[in-house]
Amino acid sequence: MNAVTKDIVENHSCWTLNETPVLNDDEFCLWQNLMEQRTGISLSVDRKSFLTSNLLIRMHELGLTQLDDYYKLFVSNSNAGIIEWEVLVDRLTVHETRFFRDKGALELVGKNYLTSKTGIIGNQNSIQIWSVGCATGEEPYSIAIVLDYFMRINNIDGYLGVFASDISGTAIAKGYMGVYHRNRLSNLPIEYLKEYFIPIDLDHYKIVDSIRNRICFSKLNLMNMNNACIADMDIIYCQNVLIYFKREKRIKILDQLVSRLKPGGLLVLGPGEITSWQNSLVKQVSENNVLAFRRLEENKYNG
Ligand SMILES: C[S@@+](CC[C@H](N)C(=O)[O-])C[C@H]1O[C@@H](n2cnc3c(N)ncnc32)[C@H](O)[C@@H]1O
């Protein structure tokens, strides 16, 4: 029993040690399948105690003592069921992120990709980026900052728009606020901090509106991507998301992302997130420590 479960059991009168519902193998399988069906996330057996504590905490909040009752509520099509789905998904998904998490990838996007002869800036003046699994916003803000800074110092006049999506409504709401504790900004180059953040109290900074207004935060489950009208992206960033999915789901998601890229567009993944994946529409970009694929120009695959 982990510390949280122990605390619930010992400090609250509704459960005693003997009554504590612990998931047996069948119950774990039931929840595991449900999560995988709905989110694509595959919960391994070593996450059983994590799932158990989260279920217990939530049941305790609702005053429920039987797992069966919670399961029935969860799968019901009622408003309460929908709320439970939101709450649990939010608690079971990992939102770990930080500003400038993958400097190599940002460098590829900001310098090499934009300045190269075949880069997207040239005969177009708008850049559309999609941050897939954006968590609390650090990733889409980092991309927007790098591109905005780069465009400004190079006198490139263009429009920059970032679509930032995640399955977690709570994470998206934090991203939309654009307020971060100073500790979370320690990774940020000082010139970016000065230019793009405003202190709002002793401990917190807010991202400037000129960047914040360029990000469109939206809740989107990657399992429902078919219903989302997203297309013609110049850059798609999908880092540290695929690791939670089984290989066949990763491949399906990647193929769907490629179909949303413009010819010449760039798909950026986290290092090592997929191996031996091939899609005839893209070619891997050779860049040390960065995993990225470029969509071929139309005439290269139309024959
Ligand atoms: C570890 S964070 C990565 C954040 C950011 N991309 C980064 O690299 O710093 C993974 C994010 O993927 C989101 N996620 C997990 N499953 C998802 C799904 N089925 N649809 C959309 N987002 C999902 C989680 O909510 C979480 O915010």
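Reader: Is serine 276 buried or exposed?
Author: The model is a predicted one. Serine 276 is placed in the loop between strand 8 (261–269) and strand 9 (282–284). A residue counts as exposed over 50% relative accessible area. Because its relative accessibility is 68%, serine 276 is exposed.

Reader: What is the phi of serine 276, which is not a glycine?
Author: Serine 276 lies in the loop that joins strand 8 to strand 9. Although serine 276 is not a glycine, its phi is positive, at about 50°.

Reader: Where does phenylalanine 100 lie, and is phenylalanine 100 buried or exposed?
Author: Phenylalanine 100 also has a positive phi, about 50°, without being a glycine. The residue belongs to the loop between helix 5 and helix 6. The limit for a buried residue is under 20% relative accessible area. With a relative accessible area of 6%, phenylalanine 100 is therefore buried.

Reader: Which residues is threonine 97 in contact with, leaving aside its neighbours within four places in sequence?
Author: Threonine 97 is in the loop between helix 5 (79–92) and helix 6 (103–115). Its relative accessible area is 11%, so threonine 97 is buried. Apart from neighbours within four places in sequence, the residues in contact with threonine 97 are Ala135, Thr136, Glu138, Glu139 and Arg184.

Reader: How many Å separate an oxygen atom of the ligand from an N or O atom in the side chain of threonine 97?
Author: Threonine 97 is one of the residues that come nearest to the ligand, among the 21 around it. The atom on the protein side is an N or O of the threonine 97 side chain, and its distance from a ligand oxygen is 2.6 Å.

Reader: A backbone N or O atom of which residue lies 2.8 Å from a nitrogen atom of the ligand?
Author: One is threonine 39, through a backbone N or O atom at 2.8 Å from a ligand nitrogen. A backbone N or O atom lies 2.8 Å from a nitrogen of the ligand in leucine 222 too. The names asked for are threonine 39 and leucine 222.

Reader: What share of the area that the ligand exposes when taken alone does the protein bury?
Author: The ligand sits in the largest pocket. Taken alone, the ligand exposes 600 Å², and the share buried by the protein is 99%.

Reader: The side chain of arginine 212 reaches the backbone oxygen of which residue?
Author: Arginine 212 is located in helix 10 (residues 209–212). Because its relative accessibility is 16%, arginine 212 counts as buried. Leaving aside neighbours within four places in sequence, its contacts include Tyr141, Tyr176 and Met177. At 2.6 Å, the side chain of arginine 212 reaches the backbone oxygen of tyrosine 176.

Reader: Is methionine 233 buried or exposed?
Author: Methionine 233 is part of strand 7 (residues 233–238). Not counting residues up to four places away in sequence, methionine 233 touches Gln128, Ile129, Trp130, Arg260, Leu261, Lys262 and Gly265. Its relative accessible area is 6%, so methionine 233 is buried.

Reader: What is the distance in space, C-alpha to C-alpha, between leucine 261 and leucine 296?
Author: Leucine 261 is in strand 8, and among the residues it touches are Met233, Asp234 and Arg295. Its relative accessible area is 2%, so leucine 261 is buried. Leucine 261 and leucine 296 are 35 residues apart in sequence, and their C-alpha atoms are separated in space by 9.8 Å.

Reader: Which residues is valine 22 in contact with, leaving aside its neighbours within four places in sequence?
Author: Valine 22 is in the loop between helix 1 (3–11) and helix 2 (25–39). Because its relative accessible area is 57%, valine 22 is exposed. Its C-alpha atom is 8.9 Å from that of serine 53, 31 residues apart along the chain. Beyond the neighbours within four places in sequence, valine 22 is in contact with Glu27 and Thr52.

Reader: What percentage of the residues in the protein chain is buried?
Author: The protein chain has twelve helices and ten strands. Of contacts between residues at least 6 apart in sequence, 71% join residues at least 24 apart. Among the 303 residues of the protein chain, the buried ones make up 48%.

Methods
Residues numbered from 1 in each chain as written. Predicted model: local features only at pLDDT ≥ 70, side-chain atom pairs only at ≥ 80, totals over all residues. Heavy atoms only, no water. Helix = DSSP H or I, 4+ residues; strand = E, 2+ residues; numbered from the N terminus. Buried < 20%, exposed > 50% of the residue type's maximum accessible area, 1.4 Å probe, protein only. Contact = heavy atoms within 4.5 Å. Near = heavy atom within 4 Å. Polar contact = N/O pair within 3.5 Å; in protein donor to acceptor, adjacent residues only side chain to side chain. Areas by Shrake-Rupley, 256 points an atom, 1.4 Å probe, with all protein chains shown as cover. 1 Å grid on protein atoms, 1.4 Å probe; cavity = no way out; pocket = protein on both sides within 12 Å on 5 of 7 lines; lining within 4 Å. Sits in = over half its atoms within 2 Å of the grid points.
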